[in-house]
Amino acid sequence: MTEPVSTNRIADLDALRGFALLGILMVNIGAFASAYYGSGLHDPAFDGWLDHLTLSLVRTLFETKFYLLFSFLFGYSFTVQMASAQRAHSAFVPRYLRRSAGLLLLGIGHAVLLFYGDILLTYALLGLLLLKMRQLAPQVAVKLAITLVLVTALCWALVGLAMTSADVVMPMQAIHDDIARATSAYRHGIGATIAQHLYQLRTHVWPTLVLIQAPCALAMFLLGLAAAKTHCFDDLPAQRGKLIRVMLIGAPLGLVGALAYSTMTATPAQIGHSVLGLAIGILTAPALAAAYAAALLLLLQHPRGASLGDWLAPAGRMALTNYLMQSLVCALVFTGWGWGLIGHLAPPSVALLALSIYGVQLLLSRWWLRSHAYGPLEWLLRALTHGRWPAWQSKPPPITPAAPTCGEYR
């Protein structure tokens, strides 16, 4: 049996999702390009002013912000999927559990084979918590989200203060040795690359996910849940005043926090200060992420910005495919899956490569969706979710901003 193509999408939120793909790539490609990423140390091979400026801009403008946008959209889409199941008189929980299982399998494969910094596994597991909290009133969801961010930031601030007062010293030589081993592994074939991913997952990734990303992502899930329940994106032109306020408040607050985060985490010898910078980043990143979203949504309402949405929305509609495609390309360039260029490209070249990959994805997404209903992996995940084959080579109806639901992924 073939499932008819759904036409109920929100083009502007698809565009927002497509925009978030750029931020995700700008951050993730840094982890592929250099084993120094996330260590707190500078790569001595790239110590020029332009290298430092590029890394500083990525830390300030991209790190810790764009996965929050994806998380918000995941929570929004969750609510949309609930409403869709209710309209279809279909049991939502079994459908959602199948979807989560699909994300879980994709996430495990992604983390082990291509990129240890996978987010899909986290989303699949946190999505089960969201399932338990789906009946929360919007006001309660917002309060819980704020509490999660505040508590997480406070805990890391206390850790940073304790480290500063104890004058904790970073074991520089041990970290350099670990980086050298990682670089060697990523340059020596597929088996060594997979083994290094498993090592990273076991020793470095899980603490970061559990203690930083997971609570912040769950907070954004809840904000997305509340936003969908209050229909705050159903009539974006009517929300212009609110979007302007979000941008004017969130941008300065978020930028000040982002600058503090970038500056303080770039002082590896003072690990206590770095952790304090992390706490500030956790606290203020949602403000800058909200400002980014508000600015883009305002731009899309302007006649001159409408064409931008035409390019971003297709990429957002197949965000799952594009996200994994980004990792595949980066793995081919930087690891044993391909050329093994980790540690060979300077940060400005890495940033330009990211922009090039993203530009190609915009072109490919638009081309693909001219003759296909969904992206390849969106199609597969939808089939698993609904238990029947969706339409494949069927051109979807025109996207209309007034439609009541958003994309299938996040």
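Contact means heavy atoms within 4.5 Å. This is a predicted model, in which local features need pLDDT of at least 70, side-chain atom pairs count only at pLDDT 80 or more, and totals for chains, interfaces and linings use all residues. Residues are numbered from 1 along each chain as its sequence is written, and side-chain values use heavy atoms, without hydrogens and water.

**Leu-209**

Leu-209 lies in helix H8. Leu-209 is buried, with a relative accessible area of 8% (buried is under 20%, with a 1.4 Å probe and protein chains only). Setting aside neighbours within four places in sequence, Leu-209 is in contact with Thr-122, Ala-214 and Pro-215. Ala-346 is 137 residues from Leu-209 along the chain, and their C-alpha atoms are separated by 28 Å.

**H1 and H11**

Helices are DSSP runs (H or I, at least four residues), numbered from the N terminus. The axes of helix H1 (residues 11-33) and helix H11 (residues 306-317) come within 6 Å and cross at roughly 80°. Axes are lines fitted to C-alpha atoms over the stretch in contact, with angles from 0 to 180 degrees between N-to-C directions. H1 and H11 are therefore roughly perpendicular (65 to 115 degrees).

| Helix | Residues in the contact |
|---|---|
| H1 | Ala-11, Asp-14, Ala-15, Arg-17, Gly-18, Phe-19, Leu-21 |
| H11 | Gly-309, Leu-312, Ala-313, Ala-315, Gly-316, Arg-317 |

The residues of this H1 contact with H11 divide into 7 nonpolar, 3 polar and 3 charged. Ala, Val, Leu, Ile, Met, Phe, Trp, Tyr, Cys and Pro count as nonpolar, Asp, Glu, Lys and Arg as charged, and the others, Gly among them, as polar.

Terms used
Helix = DSSP H or I, 4+ residues; strand = E, 2+ residues; numbered from the N terminus. Parallel < 35°, antiparallel > 145°, perpendicular 65-115°, else oblique. Buried < 20%, exposed > 50% of the residue type's maximum accessible area, 1.4 Å probe, protein only.
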